[in-house]
Each structure stands twice: as structure tokens, then as C-alpha cells.
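Good morning, colleagues. Please keep the sequence and the model in view while I go through a few local features.

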Amino acid sequence: MNKWLRANKGFLMFLMLFGIFRTAVADWNPIPSASMHPNLLEGDVVFVNRLAYNVKVPLTDIVLGATGEPRRGDIVTFSSPKDGTRLIKRVIALPGDRVEMRNERLVINGQPADYAPIGQATETISGIGAIDAVRLGESLGRDSRDHAIQLLPQVTARRDFAPVTVPAGQYMMLGDNRDNSEDSRYIGLVPRALLIGRAERVLASADIKGNWLPRTERFGMSLYQAP
């Protein structure tokens, strides 16, 4: 064993440094589900900036210092406060915000979010089949990132919740595919220490639900609209 370690110490050092880089600086995140339709698709692999919000001790959730603040509309990877699963959702409400949902429409600090029709689509749900989807543009107000969301009127979902004030150091996360997402409506608010990083762009993509061919038009695609 000692001989093998000496012969491969360079490779082992590379693996260690690579692991530290992935857990402390930058990472990539495969998209396994439909919860962020229409903006992220199954088979997308997104680049995650782990230094966007916090510097952490590698391989832990111990925060050494803050590097930035999440914005409404950021797409964030985080560890679920329910079971530790890594999730990717959109920041909807910040610490101190008072937020509620009325028939799928958000109200933040007394101001209704703006919605504009984008079009119709078809979504295939396991056990149900193909159903109609409604796509809307959503704007959460000044200093937020505008984005598209998707609604599935034929699916049973939590479309309303009473006003809640987000405590200090916590965030509300929702999936863009509002009626097909396990998010803060089900797992609760997300503490800052569980934030992993901000998703920036699609690195690569393949049609894993179809023919497995690469979707080259998505390679390098930014996840945010140009200002």
C-alpha cells in the first residue's frame, strides 16, 4: 500500500485539490427533475458559483464569511432543511419580507408580483400523462430578476398560503414549475448556512427524456435575462 501511495501521490493530490475546489469554489449540478421548467430541463448541467454568497470550510456547511447577498430571482442550489437533499430552486423572498400566495400569484411586502402571458405548452406527468401547461413571465419587483414560470391547472397543488414574514438569515425558495415542485411550501424556509451557491449558466445539456442527443443550443446559456 505504501508503495502504491508513493507511486500515485501526484494523482491523489490532484483528486484532493479538485475535491476542495468543487466543495468550496465552483461546482456543477445536474438537473434531474422538472421542478424548474421551463427554464431548466432534465439533462441540463449547470455551473454553480459557490462563492456567490458564502465562504465555507470545504466539505461542511460551516460558514467562514459572507461574500454577497442573494437577490430575489436568483437560482440557488442548497441542502434541503427537511432531509439534506441537494435542491435547486429560485429565491422568492428575502429576510424580513412578508410574502403570501393567492391563487398562484405572489404578494411581497404588500405589492402583487407582475405576471404576463407567454404561451401554452404540454407537460408530461408520471402517472397522469400529457397535460396543458400555462407559461407566464413573473416579476418580483425592483432589484429582482425577472423570469418565466409554469402553471399546471390540472394538477392538485398548493396554490395559496397565508402571509408569512421571513425570519433573519432565512430564504423562501420556489420552483419555477409551480405546481410540480417540492419547495418552501413543503420543506420550509432555507437557512443561509444551507445555501450552496448561485447557478449561473448551463454548461451542457442532453435530452435524457428522449433520444439522449446533446442540446447544443443550450450549451453556455445564461440563466438570467440581460438587464
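R145 lies over the face of Y224, at 4.1 Å from the ring centre. A charge is taken to sit over a ring if NZ of Lys or CZ of Arg is within 6 Å of the ring centre and within 35 degrees of the ring normal. R105 has its charged end over the ring of Y115, 5.2 Å from the centre of that ring.

A word on the source: this is a predicted model, in which local features need pLDDT of at least 70, side-chain atom pairs count only at pLDDT 80 or more, and totals for chains, interfaces and linings use all residues. Residues are numbered from 1 along each chain as its sequence is written, and side-chain values use heavy atoms, with hydrogens and water left out.

Let us turn to the sheet. Three strands, in the order 10-11-12, form an open sheet with antiparallel pairing. Strands are DSSP runs of E with at least two residues, numbered from the N terminus, and two of them pair if DSSP finds at least two bridges between them. Strand 10 (114–125) and strand 12 (147–151) each have a single partner strand, so one side of each is left without a neighbour in the sheet. Strand 11 (residues 129–139) pairs with strand 12 over five bridges, in the antiparallel sense. Within this pairing, H147 of strand 12 is the bridge partner of E138.

Next, which residue is found in strand 2 (residues 44–49)? D44 has its place there. D44 is buried, with a relative accessible area of 0%; buried means under 20%, exposed over 50%, and partly exposed in between, with a 1.4 Å probe and protein chains only. Contact means heavy atoms within 4.5 Å. Leaving aside neighbours within four places in sequence, D44 is in contact with several residues, among them N29, N39, R215 and R218.

Finally, the backbone. Most residues other than glycine have a negative phi, and most peptide bonds are trans. A cis peptide bond, with omega of about 5°, joins H37 and P38. P38 lies in the loop between strand 1 (26–30) and strand 2.

Where does N103 lie? N103 is in the loop between strand 7 (98–102) and strand 8 (105–108). Its phi is positive, about 50°, although N103 is not a glycine, and N103 is exposed at 52% relative accessible area. D143, in the loop between strand 11 and strand 12, has a positive phi near 65°. D143 also counts as exposed, at 58% relative accessibility.

Terms used. Helices (H or I, at least four residues) and strands (E, at least two) are DSSP runs, numbered from the N terminus.
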